[in-house]
Every structure is written in C-alpha cells, then in structure tokens.
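Here are my notes on this one, in the order I went through it. Have the viewer open while you read.

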Protein chains: 2
Amino acid sequence: MSADGKLHLGAFMRPVSLHTGSWRHEAAWADANFNFDRLSYLAKRLEAAKFDAFFMADHLAVLNMPIEALRRSQTVTSFEPFTLLSALSVVTDRIGLVATASTTFDEPYHIARRFASLDHLSRGRAGWNIVTTSNPDAALNFGRTEQPDHAERYARAREFYDVVTGLWDSFADDAFARDAASGQFFDPERMHVLNHKGEYLSVRGPLNIARPVQGWPVIVQAGASEPGRQLAAETAEVVFAATPTLAAGKAFYADVKGRAVAAGRSRDDIAILPGAFVVVGDTVDEARAKRAHLDSLVHYESALASLSVALGVDASGFDPDGPLPEIPETNQSKSSRERVIALARNEGLTVRQLAQRLGGYAGLAFVGTPGTIANDMQQWLEEEGSDGFNVTFPWQPGGLDAFVDRVVPELQRRGIFRREYEGTTLRDHLGLRRPENRFFPE
Amino acid sequence: MSADGKLHLGAFMRPVSLHTGSWRHEAAWADANFNFDRLSYLAKRLEAAKFDAFFMADHLAVLNMPIEALRRSQTVTSFEPFTLLSALSVVTDRIGLVATASTTFDEPYHIARRFASLDHLSRGRAGWNIVTTSNPDAALNFGRTEQPDHAERYARAREFYDVVTGLWDSFADDAFARDAASGQFFDPERMHVLNHKGEYLSVRGPLNIARPVQGWPVIVQAGASEPGRQLAAETAEVVFAATPTLAAGKAFYADVKGRAVAAGRSRDDIAILPGAFVVVGDTVDEARAKRAHLDSLVHYESALASLSVALGVDASGFDPDGPLPEIPETNQSKSSRERVIALARNEGLTVRQLAQRLGGYAGLAFVGTPGTIANDMQQWLEEEGSDGFNVTFPWQPGGLDAFVDRVVPELQRRGIFRREYEGTTLRDHLGLRRPENRFFPE
C-alpha cells in the first residue's frame with residue numbers, strides 16, 4: 001500500500017499514443033506530434049483529473065525496425081521533451097512534468113541545468129526519468145561506433161546522478177538576498193563549487209542556476225535488470241515498472257522496496273508505478289472489442305516480429321488466420337513464452353490477432369468497465385503490487401477522455417484517488433520530502 | 001542599407017538586463033531571473049512593438065570574476081534558454097525566439113533536435129546563435145581540463161553546422177502523409193540518413209523530428225575574429241556585431257558582406273545587427289543623467305578591472321574622484337585605449353565614473369531623446385553601418401518600455417521600421433528565404 005493509502009497516477013504519453021495502431025483510429029489526433037494545442041488539451045484534462053504527472057517518453061534516434069513497420073510508425077517524429085514540457089508548464093498549474101534524459105549521451109551540467117530550469121519555470125513540478133539508453137542506434141547519433149556495455153552504462157549513470165544532484169545543491173536556499181542597498185545580489189559563501197573528479201565524469205561547477213524549487217526534481221527510473229533495480233533502490237523516487245501481471249508486480253514491489261530499505265532509505269521514499277494500458281467500455285465485451293479494433297489497425301508483417309521475439313521462434317510461416325500452433329521450448333524466457341501462449345488460448349486469438357495484440361501494446365492492460373478497472377487497480381494497491389500506475393491510453397483524445405471521465409470518478413468514489421491536489425509540487429503529490437542540501441544542511 | 005531599406009530589431013536580453021548595475025535600480029525587476037511572468041510581459045511588449053526577435057544571451061558557467069564583483073552580479077543564475085524560449089513561445093505569436101547554443105560543449109543531434117522542436121512549437125520562429133564558447137570555466141564543467149584552441153573551436157563549429165543543417169534536412173516536407181486508410185504514416189523514401197563521418201564528428205541520423213517549419217531555424221553568429229567573420233560569411237543569416245562606432249560598423253559591414261559575396265552568397269542573405277545599449281530621456285541631458293545614475297550602481301572595485309583591461313594598465317592606484325591621468329602606450333589595442341581616454345575627456349568623467357561606465361555597459365550606446373536615437377539609428381542604416389540593431393535595455397521593465405513606447409513610434413513615423421509583421425516566421429521578418437532541402441530539392 002502506498003504511503004498515503006491512495007493510488008498515484010502518471011500519464012505515460014506519446015503525442016499520438018504508444019499503441020502502434022492508434023494513429024489510424026477514426027477519432028485519433030494523428031497530427032499531435034507537432035500540434036501543441038492537442039497536447040495542451042490533453043495535459044489540461046489530466047490536470048483537471050488530478051493526475052500526479054504527465055510523463056513524456058523519449059528516444060534519441062529513429063527506432064530501428066523493418067522498413068514496413070517503420071513506414072507505419074508514428075514514433076518517428078515528435079517534439080523534444082524539454083521544449084514540450086516547458087511549453088506545457090505555461091498552460092498548467094499543478095500537474096508534474098516528467099522528462100526522459102540519458103546519462104549515456106548527455107552531459108550532467110546540461111541535464112542539471114535544464115531540469116532545474118524546468119523546475120523553476122513550473123514552480124516545482126519537474127521530474128527526471130533517468131535512462132541509460134540501451135538503443136544502439138542512439139550511440140551512432142553521438143559519435144560512438146558501439147554502445148557502451150550494460151554494466152558500464154549503469155556505473156556511469158550512478159556517478160552521473162551524484163554529479164547532477166551535487167550541481168543542484170550548488171546554492172543554499174538563502175543565497176540570493178538581492179539587497180539593492182548594499183549591492184549584494186547573492187552571498188558567495190552560500191555557493192558550493194562541486195569539483196567532481198570521478199571515474200567517468202569531471203565537472204567543476206557551480207551550476208549557474210539557483211537550487212530547484214523542489215530541492216531536486218523528482219528522480220524517476222525504469223530499470224528492471226539487476227543493476228537497474230539496484231540503481232532505482234538507491235536513487236529513484238518513482239519506479240516505472242514493466243510488470244505484466246499482479247504476481248510479477250508483487251515480487252518486483254517487494255524486491256525494490258526491500259533493496260531501498262537495505263540501502264538505508266524508507267519504503268515510502270519510492271513509489272512504484274507500473275505502466276498500464278487502459279481501455280474503457282460500457283461492458284467488458286465492448287472494451288475488448290475496442291481493443292481488438294485498435295489491434296486490427298496494427299500492420300501484420302511488422303507485428304509478426306513482436307510475436308516471433310515473444311515466442312522465441314520465427315512465426316512468419318504460421319497461418320495468420322489459424323490458431324497458434326504448438327510452440328517448442330526455446331532459449332526465450334519461459335514465462336514470456338508461456339504468457340503469450342496462454343493469452344492466445346484464453347482469448348481464442350488467431351495468429352494474426354495475437355501478433356497484432358503484441359505489436360500494439362504488449363504489457364499490463366486493464367480492459368473493462370470503470371468498475372472492473374477500478375477493482376483491478378484497487379487490488380494492485382491493496383496487495384502491494386504497486387503504489388499506482390503510469391497509465392497509457394489506447395488513442396487520444398478519446399481513450400484519455402474515457403479514463404478521465406469515467407475511471408477517475410470511480411477511483412475517487414472509492415477513496416483511493418485524490419479529489420484535489422494536496423500541494424503545489426510534484427513532490428507534494430507523491431508525498432516525497434524535499435531533499436536536504438548536502439552542502440548547506442539546515 | 002538592409003534588403004528592405006528598414007531597420008531590423010532584435011532585443012538582446014538577460015532576464016534582469018545586461019547592465020551590471022541594473023538590478024539595483026529602484027524600478028528594476030531584480031527577481032526576473034526566475035519569474036516567468038516578468039519575462040512574459042517583456043516578450044509581449046517587444047512583440048507588440050514588432051521586434052524581429054527576442055534574443056536570449058547565455059553562458060555555460062558561473063562567470064569567473066573577482067569575488068567582490070561576483071557577489072554583486074545578477075548573471076550568476078537564470079532560466080536556461082531552451083526551457084525559457086519554449087515557454088515564451090506559448091505566450092507570443094510572432095516574435096522570433098533566438099537561443100544561444102555551443103558547438104564546443106554540446107552534441108549536434110541534441111542541438112538539431114531542440115531547435116527543430118522549438119521551431120515546430122513556435123510555428124517557425126526559432127533562431128540558433130552559434131557560439132564556440134571561449135570561456136575556459138565552461139570547459140571545466142564539461143570534463144575538459146583545458147579549452148580547445150581558437151582555430152580548433154572554429155573548425156569544429158563549421159563541421160557542426162554542416163551536421164546540424166544536414167540533420168534538419170532528414171525528411172522531405174511531404175514525407176508525412178499520415179494516410180490512415182493505407183496505414184502509411186510516412187514515406188521512408190523521403191527520409192535521408194546523413195551518415196556523417198568528419199574530422200570532429202560522427203553522426204548517423206536521421207533526426208527523429210520532421211523538417212523545421214522554417215526549413216532551418218535562422219542562423220545567428222557573433223564572431224568578430226578572422227575565423228569568426230569567415231564562419232559568419234559562409235553560414236550566418238544574422239550577425240550580432242560588437243562594433244562600438246559607426247566607422248567600425250561600416251568597416252565590419254563591408255567586410256562581412258564582401259566575404260559573403262565571395263563565398264557565393266548574396267549581400268541580402270545576411271543581416272548585420274550590432275548590439276546597442278539605448279537609454280531614452282526627454283532631453284539628451286536627462287538620458288545621460290539616467291545612464292550616470294545606473295552606472296553609479298556599479299561596484300567600483302569590480303569596475304576597476306574593466307577599466308584596467310581597457311587601458312592596458314593597472315588603474316587601481318588612480319584617484320577615483322580625480323580625472324583620468326595620462327596613460328602611456330601599452331600592448332593594449334590602440335583604438336580601444338584611445339577610445340576610452342577620449343570618452344573620459346569628452347564627458348569630463350572621473351576615474352570612478354569612467355570605470356563604472358565601462359563596468360556597466362562598454363559597447364555601442366545611444367543615449368538621448370527618441371529623436372536623437374532615431375537619427376543615430378537611421379544614419380547607421382543609411383550609411384551601411386548595419387541593417388538594424390540588437391537592442392539592449394538599461395533596466396527592465398522601464399528601459400524597455402521607454403524604447404517601445406517612445407523610440408519605436410518615431411522609427412515607424414520615419415518609415416524605417418515596420419508597423420505590422422509582414423509574415424509569421426522569423427525568416428519572414430528578416431526577409432530571408434527558406435533554405436532548400438539539400439537531399440530533397442524541389
């Protein structure tokens with residue numbers, strides 16, 4: 001159960017939607033990648049529904065996929081997160097604004113400065129989703145012929161975090177007196193020069209920006225690997241989990257909270273919010289039909305790649321309109337393969353439907369009525385599968401509007417989601433304390 | 001004379017003002033470094049006055065200065081340009097938004113992406129002020145123990161420009177069909193993979209963002225050195241000159257326009273806009289008194305450093321309240337020394353007043369009535385000293401309001417400044433054509 005016994009909700013956003021068929025939906029805003037008015041509408045709707053945060057997914061490359069999948073992908077182009085979230089800070093007052101930024105392909109001085117600036121602009125609503133960027137195509141856009149290995153990326157990320165938070169602590173909160181009479185704008189005694197020299201990074205400092213409103217913007221992470229979980233346990237305040245079932249969620253929740261305690265932190269210092277794809281209908285069947293329609297808009301040839309990966313076998317020879325044949329054991333993770341096979345059997349999906357399901361959105365999904373969705377979310381909360389969710393919508397604006405108009409009131413009626421914001425900053429929403437300045441303790 | 005025979009005006013902004021005494025002025029907004037409402041007011045005022053652009057100065061470090069100067073400096077902290085200009089794009093419709101970004105301490109993929117995003121957000125109003133960052137303190141914030149030398153910085157800048165503009169050309173304008181029926185979001189045949197491998201940079205591409213509204217954001221530069229002028233002649237569309245006198249302005253103007261023609265461009269492909277500090281009064285004496293008051297707010301001990309540098313001798317032993325003593329010849333540039341000596345003699349300044357003048361704002365200044373200021377600006381325009389100015393204001397909002405309310409109408413009355421915007425993009429304002437896509441010519 002989360003610290004306050006309530007759900008915390010982020011909106012996991014791509015301008016058009018994460019679902020690869022979404023932009024073809026009759027009522028979708030397919031032009032949202034470069035239409036600020038659309039995104040402004042969505043952010044305001046989420047704020048009116050009292051969401052904790054608007055979370056902008058990001059990539060540092062055009063994603064590498066087969067050309068037939070690429071030509072159908074709405075992911076190829078969109079606003080860059082800092083420019084978009086800065087603009088959204090003007091049209092919103094309360095909702096948190098979380099941007100993804102890479103510790104592998106950016107500089108800590110730039111990252112510290114931009115998040116601090118977004119935090120000042122938004123008066124305390126910024127969050128940093130720390131990613132190490134596993135995409136090898138990104139490396140090629142930044143002068144690297146090969147991707148640094150996993151362990152090195154995580155070691156650098158840990159040091160990068162120390163540097164960024166150290167730069168955020170460059171000034172005491174009371175450093176800036178701006179005393180016109182004496183002429184003292186600030187007190188250099190209340191400024192710290194970091195002088196960091198580490199294994200991967202050398203950064204002198206100080207940052208040329210006052211300490212963020214929140215002290216530090218909220219730290220978000222999504223690592224699921226062993227070093228990813230450990231980094232999260234030591235540093236993250238929100239963990240974006242990718243747990244596909246309640247059982248997996250509970251195991252992950254216990255593991256990461258346990259690691260946090262072992263690292264000297266409190267369980268309540270971390271909110272665990274799995275990604276969840278939510279489709280709302282008047283009946284469960286209607287919601288399923290909505291999803292099936294959306295999945296049918298996914299291109300079969302490209303979806304086949306997702307199915308082949310999930311099963312660990314080449315699925316291109318299967319009869320698209322027949323049932324899933326028997327699948328032999330492979331090197332592919334057993335739980336993933338069995339989950340996919342069970343999905344096909346339980347829902348009676350053809351190979352084509354199964355591929356399109358996985359190619360559309362393969363993770364945790366709540367597909368049903370406001371009541372069944374609220375039941376599921378409440379169960380995750382009460383059984384410690386999560387402290388809430390990063391909700392992603394099947395298409396926009398309709399799928400988002402349905403969640404806001406129908407599911408949120410049901411969660412509020414049950415007393416498991418706020419009716420009003422408790423404070424003004426993202427830390428307030430998440431019940432997180434403001435970190436002490438390590439160089440200027442109170 | 002500029003291409004359209006009219007002045008082009010940028011506002012060269014720091015949140016509080018560039019003048020080091022400005023924040024102490026009775027009517028100044030000393031808190032503007034982190035007060036978006038203040039900056040929103042200023043940008044809207046400049047837009048209502050039909051300025052071409054809002055130009056955000058920037059640094060990548062807390063500036064290195066003596067501690068007694070530093071504690072009095074409002075430059076130590078402020079919003080970062082991309083976050084600020086993105087937010088300002090929401091509260092304005094027409095004014096250009098120019099950000100400084102470094103070719104020495106940033107990555108071309110990031111720079112290309114952010115400016116493209118700002119250009120999409122603002123519907124064609126972004127400009128990139130290319131700087132190579134000469135400040136050695138910046139190097140220390142980015143893992144360099146020493147600053148790369150001048151020639152190397154400029155060689156890298158030239159290559160960086162090629163990469164960024166190449167990335168902007170990643171997609172043809174018609175690449176994005178978004179045809180829901182066929183499922184084709186875009187045409188990969190209309191996407192170019194840059195595959196740049198050069199002396200300083202390796203960047204594969206494509207950029208994950210559609211071609212900017214302007215094709216390329218407007219290219220701005222301020223280099224005054226030999227390689228700086230050459231880079232500007234080859235690439236810049238706006239040159240931010242630092243010419244302190246009309247004679248210097250005319251020489252610079254002729255040189256850079258000549259180099260541009262030699263490089264195969266047209267004279268009208270570059271607008272030359274010197275920085276100009278403007279103080280408005282009802283009489284010339286009143287304007288001078290306003291400036292003298294502002295200068296008196298500059299700290300003498302820190303101003304002495306500016307005077308010593310300008311003269312090439314240590315001025316700390318001079319009587320602050322006496323006249324400037326005789327100054328021997330030194331290695332310091334003769335024109336700079338003679339200009340400072342003449343300034344002291346002509347205006348009868350004490351050593352203190354002279355130091356505070358130079359420590360406040362040492363460059364080209366127009367101090368007078370709306371009529372004398374318009375006379376000066378018109379003379380620069382007609383005699384080809386410039387195509388306009390990057391105006392900087394003595395304090396904000398008052399100094400900016402005075403320019404907008406009193407000088408702009410006088411320029412309009414004379415027919416040398418627009419009464420309405422001619423178009424919607426920064427290129428439209430400056431009379432610049434949209435660059436052809438090098439990979440997808442029309």
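Helices here are DSSP runs of H or I with at least four residues, numbered from the N terminus. With that in hand, a reminder that we are looking at a predicted model, and then the points.

1. Start with Ala43(B), which sits in helix 1 (residues 36-48) of chain B. Is Ala43(B) buried or exposed? Its relative accessibility is 1%, so Ala43(B) counts as buried, the cut-off being under 20%. Beyond its sequence neighbours up to four places away, Ala43(B) touches Phe54(B), Leu88(B), Thr92(B) and Ile95(B). Of these contacts, take Thr92(B): 49 residues separate it from Ala43(B) along the chain, and the two C-alpha atoms are 7.3 Å apart.

2. Pro397(B) brings in another part of chain B, the loop between strand 12 (388-392) and helix 14 (398-413). With a relative accessible area of 11%, Pro397(B) is buried. Which residues does Pro397(B) contact, once neighbours within four places in sequence are left aside? They are Ala27(B), Trp29(B), Tyr41(B) and Leu42(B). The C-alpha atoms of Pro397(B) and Ala27(B) lie 7.8 Å from each other, although 370 residues apart along the chain.

3. Not counting residues up to four places away in sequence, Glu237(B) touches Pro217(B), Val218(B), Ile219(B), Arg265(B), Asp269(B), Ile270(B), Ala271(B), Arg427(B) and Leu432(B). I'd click through that list, which includes Arg265(B) and Arg427(B) as well as Asp269(B).

4. Now helix 7 itself. Helix 7 (residues 226-235) of chain B packs on helix 8 (residues 246-262) of chain B at an angle of about 55°, the axes being 8 Å apart. At that angle helix 7 of chain B is oblique to helix 8 of chain B, and the crossing is right-handed. On the helix 7 side of chain B the contact uses Glu226(B), Arg229(B), Gln230(B) and Ala233(B), and on the helix 8 side Phe252(B), Asp255(B), Val256(B), Arg259(B) and Ala260(B). By class, the residues of this contact are 4 nonpolar, 1 polar and 4 charged.

5. Helix 3 (residues 81-91) and helix 4 (residues 108-121) of chain A pack at about 15°, with 9 Å between their axes. An angle under 35 degrees counts as roughly parallel, so helix 3 of chain A is roughly parallel to helix 4 of chain A. The crossing of these helices in chain A is left-handed. Phe82(A), Leu85(A), Ser86(A) and Ser89(A) from helix 3 meet Arg114(A), Phe115(A), Leu118(A) and Leu121(A) from helix 4. That contact has 5 nonpolar, 2 polar and 1 charged residues.

6. On to the salt bridges. How many are there over all chains? The count comes to 68. One of the residues from the previous point, Arg114(A), turns up in a network of salt bridges with Glu80(A), Asp106(A), Glu80(B), Asp106(B) and Arg114(B).

7. Two bridges between the chains are worth checking by eye. Arg123(B) pairs with Asp37(A) in a salt bridge, at 3.6 Å from N to O. Arg123(B) is in the loop between helix 4 (108-121) and strand 4 (126-131) of chain B, while Asp37(A) is in helix 1 (residues 36-48) of chain A, so the pair joins two chains. Arg123(B) is exposed, at 51% relative accessible area. The other bridge links Arg204(B) and Asp137(A), at 2.6 Å from N to O. Here too the pair joins two chains, because Arg204(B) lies in the loop between strand 6 (202-203) and strand 7 (218-221) of chain B and Asp137(A) in helix 5 (residues 136-140) of chain A. Arg204(B) is partly exposed, at 28%, whereas Asp137(A) is buried, at 7%.

8. Last, a bridge within chain B: the side chains of Arg71(B) and Glu68(B) meet at 3.4 Å, N to O. Arg71(B) counts as buried at 16% relative accessibility, while Glu68(B) is partly exposed at 33%.

Terms used: Residues numbered from 1 in each chain as written. Chains lettered and ligands numbered in written order. Predicted model: local features only at pLDDT ≥ 70, side-chain atom pairs only at ≥ 80, totals over all residues. Heavy atoms only, no water. Salt bridge = Lys/Arg side-chain N within 4 Å of Asp/Glu carboxyl O. Buried < 20%, exposed > 50% of the residue type's maximum accessible area, 1.4 Å probe, protein only. Axes fitted to C-alpha atoms, helices over the stretch in contact; angles between N-to-C directions. Parallel < 35°, antiparallel > 145°, perpendicular 65-115°, else oblique. Left-handed = near helix turned anticlockwise from the far one by under 90°. Contact = heavy atoms within 4.5 Å. Nonpolar A, V, L, I, M, F, W, Y, C, P; charged D, E, K, R; others polar.
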